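Here is a briefing on one protein chain. Look over the fold first, then read the points by topic.

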Amino acid sequence: MIVWLNGAFGAGKTATARELVDFMPGSTFYDPELVGNGLRMMLPRKRLEQVSDYQDLPSWRRLVVDTGAALMAEVGGPLVVAMTVLRQEYRDEIFGGFAARRIPVRHVLLRTDETILRERIAGREAIPGDPEASESVRQWCLAHLAPYRAALPWLTADAHVVDTTGITPRQTAQHIADAVREGAGSCDIVQTPEPTAETLAAGVLLFDEEDRVLLVDPTYKPGWEFPGGVVEPGEPPMCAGVREVTEELGVRLDEPLRLLVADWERPQPPGYGGLRLLFDGGKLSSAAAREVLLPGSELRGWRFVTESEAAALLPPVRLSRLRWALRAREQGRPLYLEAGVPTG
């Protein structure tokens, strides 16, 4: 199990985490910041200049999961993590990665009055003996208070909240230990084992009366997606698409689906790629749309979007696939793609 302490800079996460280790026998303190420091030493300067924070590096997010899993295999007991994560898609990627490894996560938010946060930041000597560097860290912490406020709606809905305004780190740790033992902070996130070879996946495009396409927002990975999933061994791909729509949306499709796109996805480590099929599931009436019921552990939301609106939600590879699928639908014939490019 991983107990992930989240919160603003200055909320007392690290001090609380070190105290929490005392209340959880056999636990180990795990600091993902060390992963970021390592990447700063290894990555080319040009790559580092492309991001403002090491959390924006896909390699950091993956290594946080890989390192945590390896550490748990080494020490056996729970890991206590103190790390601010304010972007929900990064939370999805990291916690989903742990879920794929069958490692449960307890998410705890340390919430502190902003006046107290500012006082703590002002008095922080991040780098002893280097006033200039410490002031730079203080300014960086202050600059992240606004993003923290913006993230509070999803953080408070996702995590077990502990108000630390008037209590010590040790008192906070005692409260967290008791709450975790009672199941608080448990993340009901779908467990999707990582593939070990190429996969065949079937997605389904559903449209409303305005010809907007339905997208879903997974809890376990960043970016929006089409309804659908991996085809099980021995399962016809079209049947897999129908099954996934029923499981994900509670919608039954009685008519046969029409193939729009077959796209060969290039293996890109650590992914294995494979064949991706997109089917036309037809129109979803307003009445049927009102009956959509999402599995909370897998999907947090859905919406109908235009093609231009999809550009802000879908990762590039899925956006390209959608665009060609829409062209295929207009032309009334399926398209074969290789790595998102029509061939033949």
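What distance separates the centres of domain 1 and domain 2, taken over C-alpha atoms? The centres lie 34 Å apart. This is a predicted model, where local features need pLDDT of at least 70, side-chain atom pairs count only at pLDDT 80 or more, and totals for chains, interfaces and linings use all residues. Residues are numbered from 1 along each chain as its sequence is written, and side-chain values use heavy atoms, with hydrogens and water left out.

**Domains**

- The assignment gives domain 1 (1-185) and domain 2 (197-340); such bounds come from an automatic or database domain assignment.
- In domain 1, 7 residues are in contact with 7 residues of domain 2. Contact means heavy atoms within 4.5 Å.

**Helix 1**

- Helix 1 covers residues 13-23. Helices (H or I, at least four residues) and strands (E, at least two) are DSSP runs, numbered from the N terminus.
- Its buried residues are Lys-13, Thr-16, Ala-17, Leu-20 and Phe-23. Buried means under 20% relative accessible area, exposed over 50%, and partly exposed in between (1.4 Å probe, protein chains only).
- Seen down the axis of helix 1, the buried residues fall within an arc of 110°, so they line one face of the helix. The arc is that of the directions from the helix axis to the C-beta atoms.
- Arg-18 and Asp-22 are exposed on the other side of helix 1.
- The cover over the buried residues of helix 1 includes strand 1 (2-7), strand 2 (28-30), strand 3 (79-82), strand 4 (105-111) and helix 9 (169-181).

**Helices 7 and 8**

- The axes of helix 7 (residues 131-143) and helix 8 (residues 145-158) come within 4 Å and cross at roughly 30°. Axes are lines fitted to C-alpha atoms, for helices over the stretch in contact, and angles run from 0 to 180 degrees between N-to-C directions.
- That crossing makes helix 7 roughly parallel to helix 8 (angles under 35 degrees count as roughly parallel, over 145 as roughly antiparallel, 65 to 115 as roughly perpendicular and the rest as oblique).
- Helix 7 contributes Cys-141, Leu-142 and Ala-143 to the contact, and helix 8 contributes Leu-145, Ala-146 and Pro-147.

**Positive phi in loops**

- Asp-211 is not a glycine, yet its phi is positive, near 65°. Asp-211 sits in the loop between strand 6 (199-207) and strand 7 (213-218). At 41% relative accessibility, Asp-211 counts as partly exposed.
- Ala-339, also not a glycine, has a positive phi of about 55°. Ala-339 lies in the loop between strand 12 (335-338) and strand 13 (341-342). At 34% relative accessibility, Ala-339 counts as partly exposed.
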